[in-house]
Amino acid sequence: MSAAPASQRPLLLMHAIRKHFGGVQALRGVDLELRPGEVLALVGENGAGKSTLMEILCGNLRADGGRIEYQGRAVHFAGAREAAFAGVSIVHQELSLVPYLTVAENIYCAREPVYPVIGFVNRKRLYREAAEILRRFDLHVAPNAQVGGLPVAVQQMIEIAKALSLDCRVLVLDEPTSALTDRETRFLFEIIGRLRERGVAVIYISHKLDEVFRIADRVMVLRDGELVGTRPRAEVTPDDVVRMMVGRELGTGYPARDNERGEPLLRVEGLTREPRFRDVSFALHAGEIVGLAGLVGAGRTEVARAIFGIDRPQRGAIYLDGAPVGIRDPGQAVKLGIGYVPEDRKEQGLFLGLTVRQNVGAASLRENSVGGFMSPWREQRLAEEYVQRLRIRTPGTQAVASTLSGGNQQKVLLAKWLAIRPRILLVDEPTRGVDVGAKAEVHGILRELARAGVAVLMVSSELPEVLGASDRILVMHEGEITGELSAEEATEERVMFLAAGRRAGAA
């Protein structure tokens, strides 16, 4: 048999990789093959084993079985640093940059060029070499700029530049576009195209199947720790991939709008917090989901935070059941029956070091207490109820929240606020960073709440979600509401028309 062309020889092979955590089998003999200059999309539901497989590749976890071959030889990296110096780098969804250091210091962190004898950092060379890397990828940012003051999209590119400064041959991108705009995503794809031309292989992890089908050469699907299959992109459709991921027909629709709108529960009039938003007025009715749409920076999240009492508005009024209320803090909002699911579950929503049980009961401590002391029995019963109701995949209620997949963490966060039995629920980016199966379940949960008479205000940057899950849509532009659309009349074009600042009824 003749040897395969060098370009077709695998750059990386992972064979029969196994890993278990206690009684949970995270990986069950998974194989992965990666070729030079290839983009391999790695997809699967949250908890399918994607992150575990990549952590084993980079040496942050030790496999229980199997082998890894890189550039034709068996390897086992002692950690991410050793892997990076060998040419295998991973860029996580949560960036690892140090905000108070400069761009150049972050790119060359712990390996800065130094003067030979005295050992001091050669800053002139440091900034010159960093500038060359930035120029290579058309990043228009000063090497001496402090990273903490840069947009998230630029930080993402700097993280990639940091990996490539080590002569990276294999680059793992984990949900790289979760905080990027469409324009920034296109720029990232341009960079990936340049890397392919240089022979760099990319493992691209994403829940966004439209991106997968734009950028990938092959698609590798994991489900419950097993390899379902690896297919050339041209041989599968998005529906095929979804079926492989979830093991069943999922459907592309949203839950039926079979809820009935009741009386107004919440009304805001002239709510203002300059410069974030001004003169915001709307009503939320029992039994409806109202989508709050708009471009990044429109003020949507800030309005939700003001209603919940996190930020104090400068003027305006909030009415509950027709009576004015002054919500001074989140504790008072909870007493009034208002819940708030923030957009950043890890920084603002969950106590990652605490258990599932403790997180589910965190917003309803008073209800779970007896004589002023927490009742473990009540807390356990509450956690078990919501683990079952929301189908949270966890080894048990004593599992630490940080060990759960993103989709299951999101369900725990929802459970935390459903446990207060809210009349009004504010949800900010309810399906960010979760897979297609978990998205459908979250949408089902929100619709069930509406059927039960809860008023839901849903902030979302995903237009299909806004259009598919909302009964009404409010659109904001630069801090102001520019229009309202019913579900029947709403289209992507009309929402974007209003989001761009053109008011309803404008010519």
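The model is predicted.

**Entry 1: strand β3**

I started with β3 (39-43). How many residues of β3 are buried? Five of the five are, so the strand is largely enclosed by the rest of the structure. I then sorted the side chains by direction. Val-39, Ala-41 and Val-43 point one way. Leu-40 and Leu-42 point the other way.

Next I looked up the partners. β3 pairs in the parallel sense with strand β8 (residues 201-205), over four bridges. In β8, Val-202 stands opposite Val-39. β3 also runs parallel to β9, and four bridges join them. Here Ala-41 has Val-219 as its bridge partner.

**Entry 2: Asp-217**

I moved to the loop between α7 and β9, where Asp-217 sits.

I listed its contacts, leaving aside neighbours within four places in sequence. They are Gly-37, Glu-38, Val-39, Arg-196, Pro-232 and Arg-233. Val-39 brings me back to β3, where that residue is buried. I also checked the spacing to Arg-233. Asp-217 and Arg-233 are 16 residues apart in sequence. Their C-alpha atoms are 5.6 Å apart in space.

**Entry 3: helix α8**

Which residues of α8 (residues 238-246) are buried? I find Val-241, Val-242, Met-244, Met-245 and Val-246. I then asked what covers them. The cover includes β3, α7 (209-215), β9 (218-223), β10 (226-232) and α15 (436-451).

The helix also holds a salt bridge. Arg-243 pairs with Asp-240, with the closest N and O atoms 2.5 Å apart. Both residues lie in α8, three residues apart, about one turn of the helix. The general rule applies: an α-helix has 3.6 residues a turn, so residues three or four places apart point the same way. Arg-243 is partly exposed at 31% relative accessible area. Asp-240 is partly exposed too, at 23%.

I noted what comes after the helix. Gly-247 follows α8, and its phi is positive, near 75 degrees.

**Entry 4: salt bridges across the sequence**

I searched the whole structure for salt bridges and found 25. Asp-224 forms a salt bridge with Arg-393, the closest N and O atoms being 2.9 Å apart. Asp-224 lies in the loop between β9 and β10, and Arg-393 in the loop between α13 (376-389) and α14 (406-418), so the pair ties together parts that are 169 residues apart in sequence. Asp-224 is partly exposed at 37% relative accessible area. Arg-393 is partly exposed at 44%.

Then I took Glu-288. Its salt bridge is with Arg-472, and the closest N and O atoms are 2.7 Å apart. Glu-288 lies in the loop between β12 (277-285) and β13, while Arg-472 is in strand β21, so the pair ties together parts that are 184 residues apart in sequence. Are these two buried or exposed? Glu-288 is buried, at 2% relative accessibility. Arg-472 is buried as well, at 10%.

Arg-261, Glu-288, Arg-472 and Glu-484 are linked in a network of salt bridges.

**Entry 5: the six-stranded sheet**

Six strands form an open sheet with mixed pairing. I read the order as β16-β19-β20-β13-β21-β22. The edge strands are β16 (338-341) and β22 (480-486), each pairing on one side only. From one strand to the next, the twist averages 20 degrees.

Strands β13 (residues 289-294) and β21 (residues 472-477) pair in the parallel sense over five bridges. Within it, Val-290 has Arg-472 as its bridge partner.

**Entry 6: a nonpolar surface patch**

Last, I checked the surface. Tyr-115, Val-117, Ile-118 and Phe-120 form a nonpolar patch there. Together they have about 480 Å² of accessible area. I placed Phe-120 in the loop between α3 (103-107) and α4 (123-136). Phe-120 is exposed, with a relative accessible area of 57%.

Terms used:
Residues are numbered from 1 along each chain as its sequence is written. This is a predicted model: local features need pLDDT of at least 70, side-chain atom pairs count only at pLDDT 80 or more; totals for chains, interfaces and linings use all residues. Side-chain values use heavy atoms; hydrogens and water are left out. Patches are made of residues with over 30% relative accessible area and no salt bridge: like charges are joined within 9 Å, nonpolar side chains (Val, Leu, Ile, Met, Phe, Trp, Tyr) within 5 Å. Accessible areas come from the Shrake-Rupley method with a 1.4 Å probe; for residues, only the protein chains shown count as cover. A salt bridge is a side-chain nitrogen of Lys or Arg within 4 Å of a carboxyl oxygen of Asp or Glu. Helices (H or I, at least four residues) and strands (E, at least two) are DSSP runs, numbered from the N terminus. Buried means under 20% relative accessible area, exposed over 50%, partly exposed in between (1.4 Å probe, protein chains only). Contact means heavy atoms within 4.5 Å. Two strands pair if DSSP finds at least two bridges between them. Axes are lines fitted to C-alpha atoms, for helices over the stretch in contact, and angles run from 0 to 180 degrees between N-to-C directions.
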